[in-house]
Amino acid sequence: MTNNAGELRSLPSVDEVLTRLAHLADRYPRALILGEVRRALDEAREVIRAGRKASPRPIEEVVEERLARIALPSLRSVINATGVVLHTNLGRAPLARFAPLFGYSNLEYDLAAGARGKRDVHISGLIERLLGKPGIAVNNNAAAVFLALKELAAGGEVVVSRGELIEIGDGFRIPEIMAQSGAVLREVGTTNRTRIEDYRSAINEHTRLLLRVHPSNFRIRGFTGRPTLGELTALGEQARIPVYEDLGSGCITDLSAYGVDEPLAVESLRTGVDVVSFSGDKLLGGPQAGILAGNPELIARMRRNPMYRALRLDKLILQALETTLRSLLMERWDEVPALGMIRQSAADIRARAERLVRQLGVEAEVVAGESVIGGGSTPDQSLPTWLIAIASRDVVALERALRGGDPPIVARIEADRLMIDLRTVFPEEEPALVSALTQALNRTQGGRSCS
Ligand SMILES: *Cc1c(COP(=O)(O)O)cnc(C)c1O
């Protein structure tokens, strides 16, 4: 590797770079600057040793840029112009605007009694009123599934249809969660068809739970079938084995009038399911959380399981969840952004789009399209919408410029045009969207001016 030696030697020393960055001393801690200089030099050496071409940029420039980036928040608000309401990459359900708690709180303090309280009280009454059954909340639905299996089935068997052994995004696989919980999976039926007799004949003295899983983001078409929920709960009752349903999205409000066909949590419980669980940040429209509700004794057992302590909610999440649940109970749908977006009519979105196009001052068309629910809800569900379609000489550069802006705007490209779906854009974000679009169009010299 002697041919690299010269190049390696030409790299500046740590001290040389530090001297060139002396002007940063009052902006960043010395240890941070030093760390970044070492990191950048290590990377440069790595590149040279691998025989790749070293960057022509001076090390101090790289370090200064990185320090500036480190000093800024990485997690920030984004304008979602994709029309995907529960966008997994954009934080699933959009957060409502509300003031987070400051300082101390009555998280576990009963102010009336002047004594120790439980954090559960802030949401338990709301869950019970919404679902008609008591419930608890944990970190997410994956945690809820884990806790349910652990408490209700560890050391025993869980009967589940082969067609429901799903994997949803980011490594959530029912069989793996099951293995971690210490419960043994008893698969029944085939991928596309399972009958109630399959469940019945799988039951033995080790069976602890009958599990039903919402197939979420996948759908088998054609010759398919599974028992009705009623058949399953009747079997559970007869065999004295609890039925647990992982609903995934867990619709709390009936959205069928808007074209969203998801099972309602309250319907499952009325059908006799002993325990349901679902996410807080899918169709519920709240923060990341997992809700478990149902039979009071089973819920109390899960609450007492030592794992609950490891999976419980932080006060900020609890506050956001409480706010969402109260809005749902009070039927103030527009306070839950995801629901407000789903309930918006195509005509309203069209009017907003036409108004925005007039402000843009570039040639743009308003065309019919489809928004999607996303977030692991049934994949073929879409909502009619109207899109702003912007032609540009370099649509890829336009999309990139919007993404790199402040606030960042995420939009999609379709047939060489930039598509903006206002369903997922808050009305208060429209002025920022207009100015970002105008600037980006000017910079990428894309949109043809009207004048
Ligand atoms: C989304 C989903 C989960 C996981 O929920 P998280 O809140 O993301 O942990 C589990 N089961 C089903 C059926 C789902 O759709």
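**Pockets, cavities and strands: a chat**

Visitor: How much space lies in the largest pocket?

Guide: About 1300 Å³ lies in the largest pocket. This is a predicted model, where local features need pLDDT of at least 70, side-chain atom pairs count only at pLDDT 80 or more, and totals for chains, interfaces and linings use all residues. Residues are numbered from 1 along each chain as its sequence is written, and side-chain values use heavy atoms, with hydrogens and water left out.

Visitor: What counts as a pocket or a cavity, and what is a volume?

Guide: On a 1 Å grid over the protein atoms alone, a cavity is a set of points where a 1.4 Å probe fits but cannot get out, while a pocket is an open set with protein on both sides within 12 Å along at least five of seven lines; lining residues have an atom within 4 Å of a point. Grid points are joined across faces, edges and corners, and the volume is the space filled by probe spheres set on the points.

Visitor: What lines the second largest cavity?

Guide: R119, D120, I123, A137, Y308, L313 and L318. By class that is five nonpolar, no polar and two charged, around a volume of about 60 Å³.

Visitor: Switching to sheets: what is the strand order in the open sheet of seven strands?

Guide: The order is 5-13-12-11-10-6-9, with mixed pairing; two strands pair if DSSP finds at least two bridges between them. Strand 5 (135-138) and strand 9 (184-188) are the edges, each pairing on one side only.

Visitor: Which helix packs on it?

Guide: Helix 11 (residues 296-304), touching strand 5, strand 12 (275-279) and strand 13 (290-294). Contact means heavy atoms within 4.5 Å. The direction of helix 11 makes about 140° with that of strand 13; axes are lines fitted to C-alpha atoms, for helices over the stretch in contact, and angles run from 0 to 180 degrees between N-to-C directions.

Visitor: Do strand 6 and strand 10 run parallel or antiparallel?

Guide: Parallel, with four bridges joining strand 6 (residues 157-161) to strand 10 (residues 207-213). In this pair, E157 stands opposite T207.

Visitor: Is strand 18 mostly covered or exposed?

Guide: Mostly covered: four of the five residues in strand 18 (417-421) are buried, meaning under 20% relative accessible area with a 1.4 Å probe, protein chains only.

Visitor: What does strand 18 pair with?

Guide: Strand 15 (residues 382-391) joins strand 18 antiparallel through five bridges, with L387 partnered by D421. Strand 17 (residues 412-414) is also antiparallel to strand 18, over three bridges.

Technical notes. Helices (H or I, at least four residues) and strands (E, at least two) are DSSP runs, numbered from the N terminus. Ala, Val, Leu, Ile, Met, Phe, Trp, Tyr, Cys and Pro count as nonpolar, Asp, Glu, Lys and Arg as charged, and the others, Gly among them, as polar. Buried means under 20% relative accessible area, exposed over 50%, partly exposed in between (1.4 Å probe, protein chains only).
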